[in-house]
Amino acid sequence: DEESLGSLKKKLAELFEVSLRVTFPTETDVEPLVAVCTGNFGDYQCNNAMSLWPRIKGKGTAFRGPPAVGQALMKNIPPSEMIESCSVAGPGFVNVKLSKSWVAKNIQKMLTRGIGEWAPKLRIKRAVVDFSSPNIAKEMHVGNLRSTIIGDTLARMLEFSNVQVLRRNHVGDWGTQFGMLIEFLFEKFPDWEDASETPIGDLQAFYKESKQRFDNDHDFLERARKAVVKLQGGEPKYRKAWAQICDISRKEFDKVYKCLGVTLEEKGESFYNPFIPGVLEKLSNLGLMEENQGARVIFIEGISIPLIVVKSDGGYNYASTDLTALWYRLNEEKAEWIIYLTDVGQSQHFEMVFKAAKRAGWLPPENNSYPRVNHVGFGLVLGEDGKRFRTRNTEVVRLVDLLDEAKRRSKDALIERGKDKEWTEEELEETAKAIGYGAVKYADLKNNRLTNYTFNFDQMLNDKGNTAVYLLYAHARICSIIRKSGKEIEELKKTAVISLDHPDERALGLHLLQFAESVEEACTNLLPNVLCEYLYNLSENFTKFYSNCQVIGKPEEASRLLLCEATAVVMRQCFHLLGIEPVYKI
Ligand code: ARG
């Protein structure tokens with residue numbers, strides 16, 4: 001029947017929009033500016049009075065300064081059950097205090113109808129998230145971790161907001177390195193086609209060996225070059241060898257995705273290859289392509305080097321593939337928002353591709369209009385020494401090893417606390433996994449993604465401070481409060497009424513209701529750390545509530561238990577959006 005809630009900020013903005021139109025009918029282009037209150041005069045504030053003043057002053061207004069403008073805006077807010085009271089403060093801020101019974105009513109509604117009630121409302125229907133995207137024949141290392149988990153979180157937030165997400169794994173499966181690999185396969189295992197299982201075994205070692213051959217033997221190099229041409233020409237034997245090599249990598253990648261609970265649909269570079277000539281022709285017909293030192297290029301305003309789309313040897317490259325993939329996603333897949341996750345090192349590449357697409361008229365000139373594209377860059381993962389993260393004996397840190405280690409350490413910590421005696425082996429294992437993998441993800445997501453972050457097991461597995469362990473424990477504790485009460489939550493949902501009379505109950509209730517706007521901000525600004533901050537604050541709000549409001553044995557018990565349950569539900573949804581498995585007992 002009724003519409004779901006969505007962001008409080010947006011709901012208040014709708015009320016102020018009405019007031020603005022009524023108060024200043026001629027200022028039709030003024031948009032409501034609503035923000036969370038910084039002081040303690042209210043919950044939200046509208047900041048329009050100050051910027052409106054100079055505009056209307058020149059037009060001979062009867063108002064005497066911004067505070068009077070604020071007063072008028074306040075008076076003209078349409079009646080709403082959301083609002084308890086309003087006031088004007090300082091230079092003209094309109095402060096709004098929300099009605100606690102309205103807040104309580106909405107929490108109750110969410111408990112009965114489910115957390116979907118609080119999903120943000122976005123204006124798009126379909127998005128592509130291009131993430132993880134490792135290169136075939138190379139190992140997934142810690143650098144691929146950030147793309148995989150940040151991308152997965154953004155995809156989850158969009159999915160929760162009812163956007164259809166095409167989760168794209170744009171794997172590097174079409175580079176010139178395949179000539180070398182295929183040629184080496186022929187040379188090293190002449191019977192490769194007859195073997196029931198691939199003879200390659202360790203693909204990393206195979207890659208290294210073939211690279212050595214390639215660097216040191218001129219004849220081999222020549223053969224490798226020809227192999228690329230044959231592969232790209234579609235010669236069956238070469239295609240078959242290529243497919244076999246890709247398959248080995250794919251199996252390795254899948255292990256990591258399974259650990260991380262990440263799903264992806266592979267559409268690698270090779271997928272777009274057949275579409276490249278057609279797309280380049282379109283760009284050429286638009287007059288965008290130019291000759292430059294034997295290559296075909298697109299010049300981009302403000303960047304001194306051009307975007308090379310056909311190399312001087314006639315071959316295609318990373319940029320021709322990305323332009324084609326972009327075209328495909330816009331025209332064939334009808335994506336309204338395309339999000340790319342790589343380290344910041346690729347920023348210029350994407351800037352050039354996007355600008356070329358704007359020149360072609362595929363994308364609107366403004367950055368935030370739709371269809372929209374964003375490159376979500378992130379910093380490096382550093383080791384204790386402040387340098388690129390490596391382990392003592394390997395050049396790169398294998399992602400699987402890292403996850404294993406996190407799990408092992410959290411299992412040890414659980415055993416140290418005697419959990420091996422209380423729990424079954426399976427419970428121990430599942431909890432260790434949830435905590436270990438959750439810790440690795442959360443440590444990464446809680447940082448602003450643009451900064452480098454230092455990988456530190458001790459820090460991320462600490463049960464105090466802003467860590468997954470602390471938050472998972474906090475959730476488990478709430479569950480145990482509910483269990484210990486001996487009450488049936490499903491019954492309470494039907495019979496009890498939430499009231500928020502204590503200031504700490506009200507503060508917790510309001511914070512719960514701000515969930516939607518946090519998710520919305522995290523996904524529209526592409527900053528998962530916003531959601532982590534929300535989650536951490538939620539747990540702090542809960543702690544304050546729990547230490548000042550006794551739950552069990554008080555007249556407010558039923559209402560407070562529902563507040564506990566609502567907190568647990570929202571925490572679980574945050575965990576879900578961050579790709580973390582919740583823990584129910586500890
Ligand atoms: N395979 C690339 C790399 O490892 C990342 C691909 C990102 N996606 C894209 N459409 N270019 O650097």
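How many helices and strands does the secondary structure of the protein come to? The tally is 23 helices and 14 strands. Keep in mind that this is a predicted model. Here are some close-ups to go with it.

**Figure 1. The whole protein, before we zoom in.** Along its principal axes, the C-alpha trace spans about 85 × 75 × 45 Å. The chain has 586 residues, and buried ones make up 41% of them. Now look at contacts between residues at least 6 apart in sequence: 73% of these join residues at least 24 apart.

**Figure 2. A parallel sheet of 5 strands.** Read across this open sheet and you get the order β7-β6-β5-β11-β12, with parallel pairing. β7 (265-266) and β12 (372-378) are the edge strands; each has a single partner strand, so one side of each has no neighbour in the sheet. Zoom in on β11 and β12, and you'll find 7 bridges joining them. One spot to look for is I338, which stands opposite V373 in β12. Helix α5 (residues 142-160) packs on the sheet, where it touches β5 (126-130), β6 (164-169), β11 and β12. The direction of α5 makes about 160° with that of β11.

**Figure 3. The residues around the ligand.** Which residues surround the ligand? They are D130, S133, P134, N135, H170, G172, D322, A325, Y340 and T342. Sort this shell by class and you get 3 nonpolar, 5 polar and 2 charged residues. Helix α12 (318-331) and strand β11 (337-343) each supply at least two residues of the shell.

**Figure 4. A hairpin made by β3 and β4.** Strand β3 (residues 83-89) and strand β4 (residues 93-98) run antiparallel, and 6 bridges join them. Between the two strands of the hairpin sit 3 residues. Check out G90 in the turn, too: its phi is positive, at about 50°.

**Figure 5. An antiparallel sheet of 3 strands.** This open sheet has the order β8-β9-β10, and its pairing is antiparallel. β8 (289-292) and β10 (307-310) are its edge strands, each pairing on one side only. Ignoring direction, neighbouring strands here are turned by 45° against each other on average. Between β8 and strand β9 (residues 295-298) there are 4 bridges. Within this view, E291 stands opposite R296 in β9.

Figure 6. Is G315 buried or partly exposed? G315 is partly exposed, because 13 other C-beta atoms lie within 10 Å. Now pick out S369 as well: G315 and S369 are 54 residues apart in sequence and, C-alpha to C-alpha, 34 Å apart in space.

**Figure 7. Helix α4 crossing helix α23.** Two packed helices are described by the angle between their axes and the distance between those axes. For α4 (residues 100-113) and α23 (residues 557-577), the angle is about 65° and the axes are 10 Å apart. The way α4 passes α23 is a left-handed crossing. On the α4 side, I107, M110 and L111 meet L562, E565 and A566 of α23. By class, this contact has 5 nonpolar residues, no polar ones and 1 charged.

Key. Residues numbered from 1 in each chain as written. Predicted model: local features only at pLDDT ≥ 70, side-chain atom pairs only at ≥ 80, totals over all residues. Axes fitted to C-alpha atoms, helices over the stretch in contact; angles between N-to-C directions. Left-handed = near helix turned anticlockwise from the far one by under 90°. Contact = placed C-beta atoms within 7 Å. Nonpolar A, V, L, I, M, F, W, Y, C, P; charged D, E, K, R; others polar. Pairing = 2+ DSSP bridges. Near = placed C-beta within 6 Å. Buried ≥ 20, exposed ≤ 12 C-beta atoms within 10 Å, placed from the backbone.
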